[in-house]
Amino acid sequence: MTTCSRLRDTFPWADIKQLVDQRKAGYSLDADFYVNPAVFEADVELVFGRHWIFVASEGEIPEPGDFVTVDVGRASVIVVRDDDEVRAFHNVCRHRGSRILDHARGEVGNLVCPYHSWTYATSGELIYAESQDPATFDLNQFGLKKVNLRNVAGLLFICLSDQAPEDMDDVAATIEPYLAPHQLRRSKVAAQTDIIENGNWKLVMENNRECYHCGGHQELLNSLFPVYGYAEEDLSPRLKPAFDRYVKAQADLRQQCSVLGMPYVAVEELDTRVTAFRIERDPLDNAGESITMDGRAASRRLMGGFPTAKLGRLGIHMQPNSWFHFMGDHAVTFSVLPVAPDRTMLRTTWLVDRDAVEGQDYDVEKLKRVWEATNDQDRAFVQRAQLGVESPAYEPGPYSAPEYQVEAFCNWYVSRLAANLDTVA
Ligand code: FES
Ligand SMILES: [Fe+2]
């Protein structure tokens with residue numbers, strides 16, 4: 001994905017570079033990072049356009065011909081199941097460029113352009129183009145343009161750049177043993193919501209990277225220990241009882257994981273590599289089974305044929321745009337996509353085993369309750385933050401110790417922006 005060449009000469013790359021150079025570690029970012037349209041364009045091109053971004057999971061497209069489309073800046077991408085393989089293509093016809101698919105999800109036999117009916121197989125090959133001279137027209141030259149796609153144990157990542165970061169191989173090798181037991185290939189979508197948050201995409205991500213604000217999440221605190229991100233020495237007396245429960249639950253969970261041969265140890269590389277991530281299997285509070293109002297499983301049919309629901313939560317954070325919770329009974333995936341400097345789309349997907357029957361094995365409202373409420377609370381926090389950073393009175397403020405993952409996100413973002421600015425500025 002590239003900025004229009006006509007604009008490239010006048011684009012303020014140097015100003016953005018200066019902004020990056022001025023960034024003060026340990027503090028929230030300057031307002032320009034959240035409000036300036038030029039920074040937003042740079043984010044879309046250099047961050048979202050050149051890194052692996054999470055867009056869907058295999059459970060969303062279980063059958064051949066099932067597709068989702070995803071908008072990343074001006075690019076629209078089709079992610080489609082072609083027999084047993086998932087592929088990604090630009091949603092742009094090779095005839096005169098028409099957009100091909102309009103819907104966010106659906107199913108197709110072939111991909112037919114609505115303009116003049118050029119027809120592509122789900123492999124991306126052009127198979128029909130009316131009135132083109134067969135003597136001179138070579139169908140093979142006009143297949144859909146491919147987008148890099150990586151399937152990590154059922155999580156689907158795309159990279160719009162031809163030079164996709166190669167370290168995804170290492171990251172996938174680390175993540176897959178944690179994730180594989182959940183068998184995402186045999187999951188199905190129980191619910192999916194798209195909400196638009198009135199804030200910059202970085203505020204959405206930053207908000208997700210700390211539990212300093214978890215006092216605002218009453219529903220979530222029924223199962224999530226509010227000590228996430230805290231070192232023991234940073235705990236206030238208020239959090240000590242929860243920490244003691246956490247330590248006990250962690251010991252029990254680790255024992256359970258050892259018996260089942262499931263990895264749980266935290267691997268944290270949030271700002272130390274290009275495809276940056278964090279993974280850990282962590283205990284849950286109360287019944288310890290799931291992120292629900294009482295901590296008990298919301299689906300009676302467990303994922304992956306697990307013998308118990310009490311597996312805590314496998315939590316994954318990926319830079320720049322996703323986070324995940326995988327429990328014994330269901331999984332929740334979150335994909336963040338920038339819409340405008342002050343608008344961001346958050347897609348939340350609840351997955352259950354494909355054989356789980358709605359109304360019998362699970363109740364959708366019960367399944368969604370915690371994250372629907374939490375997303376709404378976070379939406380309000382993000383909007384407040386956006387309103388604040390837009391004020392002339394805003395100046396970057398200092399992070400506390402339990403916000404170290406927010407700082408890691410900003411470190412990653414600023415360093416990746418800087419590295420890619422060097423290739424265009
Ligand atoms: S633009 Fe697609 S068939 Fe003409
Ligand atoms: Fe939150």
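**Exercise 1. Which residues of α5 are buried, and what do they pack against?**

Step 1. In α5, the buried residues are Met168, Val171, Ala172, Ile175, Tyr178 and Leu179. Buried means under 20% relative accessible area, exposed over 50%, and partly exposed in between (1.4 Å probe, protein chains only). Helices (H or I, at least four residues) and strands (E, at least two) are DSSP runs, numbered from the N terminus.

This is a predicted model: local features need pLDDT of at least 70, side-chain atom pairs count only at pLDDT 80 or more, and totals for chains, interfaces and linings use all residues. Residues are numbered from 1 along each chain as its sequence is written, chains are lettered from A and ligands numbered from 1 in the order in which they are written, and side-chain values use heavy atoms, leaving out hydrogens and water.

Step 2. Look down the axis of α5.

Step 3. Find the partners. The buried residues of α5 pack against β9 (148–152), β10 (155–159), β12 (267–269), β13 (277–282), β14 (313–318) and β15 (322–326).

**Exercise 2. What span should α5 have, and how far apart are its end C-alpha atoms?**

Step 1. Helix α5 (residues 168–179) has twelve residues. The expected span is 1.5 Å times one less than the number of residues.

Step 2. Repeat for helix α9 (residues 404–421). With 18 residues, α9 reaches 25 Å from first C-alpha to last, close to the 26 Å expected.

**Exercise 3. At what angle do α2 and α4 pack, and which residues make the contact?**

Step 1. Helix α2 (residues 13–22) and helix α4 (residues 37–48) pack at about 85°, with their axes 10 Å apart. Axes are lines fitted to C-alpha atoms, for helices over the stretch in contact; angles run from 0 to 180 degrees between N-to-C directions.

Step 2. Classify the angle. That makes α2 roughly perpendicular to α4. Angles under 35 degrees count as roughly parallel, over 145 as roughly antiparallel, 65 to 115 as roughly perpendicular and the rest as oblique.

Step 3. List the contact (heavy atoms within 4.5 Å). From α2 come Trp13, Ile16 and Leu19; from α4 come Ala38, Val39, Ala42, Glu45 and Leu46.

Step 4. Sort these residues: seven are nonpolar, none polar and one charged. Ala, Val, Leu, Ile, Met, Phe, Trp, Tyr, Cys and Pro count as nonpolar, Asp, Glu, Lys and Arg as charged, and the others, Gly among them, as polar.

**Exercise 4. How do α4 and α9 pack?**

Step 1. The angle is about 80°, and the axes are 10 Å apart. The two helices are therefore roughly perpendicular to each other.

Step 2. Val39, Ala42, Asp43, Leu46 and Val47 of α4 meet Trp412, Tyr413, Leu417, Asn420 and Leu421 of α9. Eight are nonpolar, one polar and one charged.

**Exercise 5. Is Gly65 buried or exposed, and which residues does it touch?**

Step 1. Gly65 sits in the loop between β1 (53–57) and β2 (66–72). Gly65 is buried, at 3% relative accessible area.

Step 2. Leave out residues up to four places away in sequence. Gly65 then touches Val80, Arg81, Gly106, Glu107, Val108 and Thr122.
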